[in-house]
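Hello,

Here is the structure I promised to pass on to you. Have a look at it first, and then read my notes below.

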Amino acid sequence: MDEEGLTREGMKAEYHRAIARRLLLLAVSIVGIVLFVGLLSLSNFEGVGLKETYEIIWNHLVGNTYPSRTTEWWADRYIWNTAMPHAIAAILAGASLAVCGTMMQSVMTNPLADPYSTGISSGACLGATAAIVVGISFSTTAGEVGIVTNAFIGALVPALLIIFLSQRIHMTPATLILLGTALSYFFNSMITYIMVTTDAESLKEAYMWQVGSLDGISWESVAIMAAVTVVGSIIVMLMSGKLNVMSLGENSAISLGVDVQRFRVVCLVLMAVMTAAIVSFTGILGFVGLVAPHLVRLVIGSDNRFIAPISMAVGALLLLAADYVAFQLADIPVGVVMSVIGSPVFFALILWQSRKSGAIY
């Protein structure tokens with residue numbers, strides 16, 4: 001076989017290996033998601049183990065019922081009224097934050113960009129803290145609805161401010177991130193001022209919201225999260241080709257015919273709505289949008305057509321795993337566990353990638 005034939009065979013073999021890596025990572029993530037959904041749904045009812053839990057989930061899906069007040073009947077009520085909304089919210093939150101992280105890292109051409117880079121997390125915290133501590137709400141309904149509404153609007157404020165400025169002056173990705181950092185410091189100072197002037201009970205409630213938790217998620221909340229996540233993720237995948245071009249740098253994207261400013265604004269709007277729809281219900285869940293895309297990129301390469309969907313599966317798996325660990329550790333908030341797990345994992349990924357290629361990105 002001549003040299004050209006050998007080169008062609010080598011390229012074909014490398015292509016097949018790349019496909020295998022993508023399918024393997026996706027399959028492992030899906031299996032892990034199914035496993036942790038079962039573990040999180042596992043009840044403490046006598047005689048109901050992991051196998052029986054999956055059977056109860058399946059029977060509920062196909063419409064099979066159990067005699068009233070039997071062990072299986074109680075387990076079914078617990079799983080579908082408490083455990084499943086919790087687990088599905090974790091899947092949606094992990095998937096949404098991961099795909100937003102993928103988009104932000106490509107648009108900003110910055111491996112440290114994540115869904116919170118524009119100050120969204122701080123804006124959401126300020127909105128929720130104002131509702132909890134001061135009682136100021138943009139909703140006519142008090143309580144949880146008021147907190148969610150405030151957090152959603154608060155999350156949009158910094159993103160919309162950055163979008164407004166970016167349409168009037170030319171902003172580089174570095175400028176956008178620096179502006180987001182400045183807004184985060186401003187909102188955090190306002191949060192600190194509000195919290196130091198309140199009583200201990202309100203302070204605790206506001207702090208627990210900021211930490212990030214999936215407790216108390218209802219099917220109504222899941223429906224909103226699912227609608228925004230599904231629609232937003234489809235849009236991101238349709239834009240994956242342009243995201244690949246954007247990741248080459250602003251000058252390269254312009255030379256290839258991309259309206260960089262307009263496309264960046266579209267991505268910021270989409271990211272703001274998707275992230276706000278998650279954090280308004282869950283609080284701040286750190287590192288998911290940062291770690292998941294990095295992990296996927298390290299395994300399968302830099303093609304956003306594959307990174308976006310696989311990152312969603314990996315992000316969902318990471319958050320489900322953290323949630324299970326949190327549940328085992330006496331129900332501590334999942335945001336704490338995600339930060340404890342995420343920081344060393346991200347540190348290890350950076351060292352591994354730097355040693356392998358001599359560069360972080």
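A pocket, as the word is used here, is an open set of grid points with protein on both sides within 12 Å along at least five of seven lines. Please keep in mind that this is a predicted model.

The largest pocket holds about 380 Å³ of space. Its lining has 18 residues, and Met 208, Trp 209, Ser 213, Asp 215 and Phe 281 are the closest to the centre. Helix α7 (200-211) gives the most to this lining, with four residues. Helices α5 (144-166) and α11 (260-282) each supply at least two. By type, the lining divides into seven nonpolar, seven polar and four charged residues.

Next, the surface. A nonpolar patch is formed there by Val 325, Leu 329, Ile 332, Val 336, Val 340, Ile 341 and Val 345, with about 490 Å² of accessible area together. Helix α14 (residues 334-357) provides the largest share, four residues. Val 325 lies in helix α13 (residues 304-328) and is partly exposed, at 33% relative accessible area.

- Glu 55 pairs with Lys 51, the closest N and O atoms being 2.6 Å apart. Because the two are four residues apart in helix α2 (residues 50-62), about one helical turn separates them. Lys 51 is exposed, whereas Glu 55 is partly exposed.
- Asp 303 pairs with Arg 305, with 2.5 Å between the closest N and O atoms. Asp 303 counts as buried at 17% relative accessibility, while Arg 305 is exposed at 51%.

Enjoy exploring!

Best wishes

Note on methods: Residues are numbered from 1 along each chain as its sequence is written. This is a predicted model: local features need pLDDT of at least 70, side-chain atom pairs count only at pLDDT 80 or more; totals for chains, interfaces and linings use all residues. Side-chain values use heavy atoms; hydrogens and water are left out. Patches are made of residues with over 30% relative accessible area and no salt bridge: like charges are joined within 9 Å, nonpolar side chains (Val, Leu, Ile, Met, Phe, Trp, Tyr) within 5 Å. Accessible areas come from the Shrake-Rupley method with a 1.4 Å probe; for residues, only the protein chains shown count as cover. A salt bridge is a side-chain nitrogen of Lys or Arg within 4 Å of a carboxyl oxygen of Asp or Glu. Buried means under 20% relative accessible area, exposed over 50%, partly exposed in between (1.4 Å probe, protein chains only). On a 1 Å grid over the protein atoms alone, a cavity is a set of points where a 1.4 Å probe fits but cannot get out, and a pocket is an open set with protein on both sides within 12 Å along at least five of seven lines; lining residues have an atom within 4 Å of a point. Grid points are joined across faces, edges and corners, and a volume is the space filled by probe spheres set on the points. Ala, Val, Leu, Ile, Met, Phe, Trp, Tyr, Cys and Pro count as nonpolar, Asp, Glu, Lys and Arg as charged, and the others, Gly among them, as polar.
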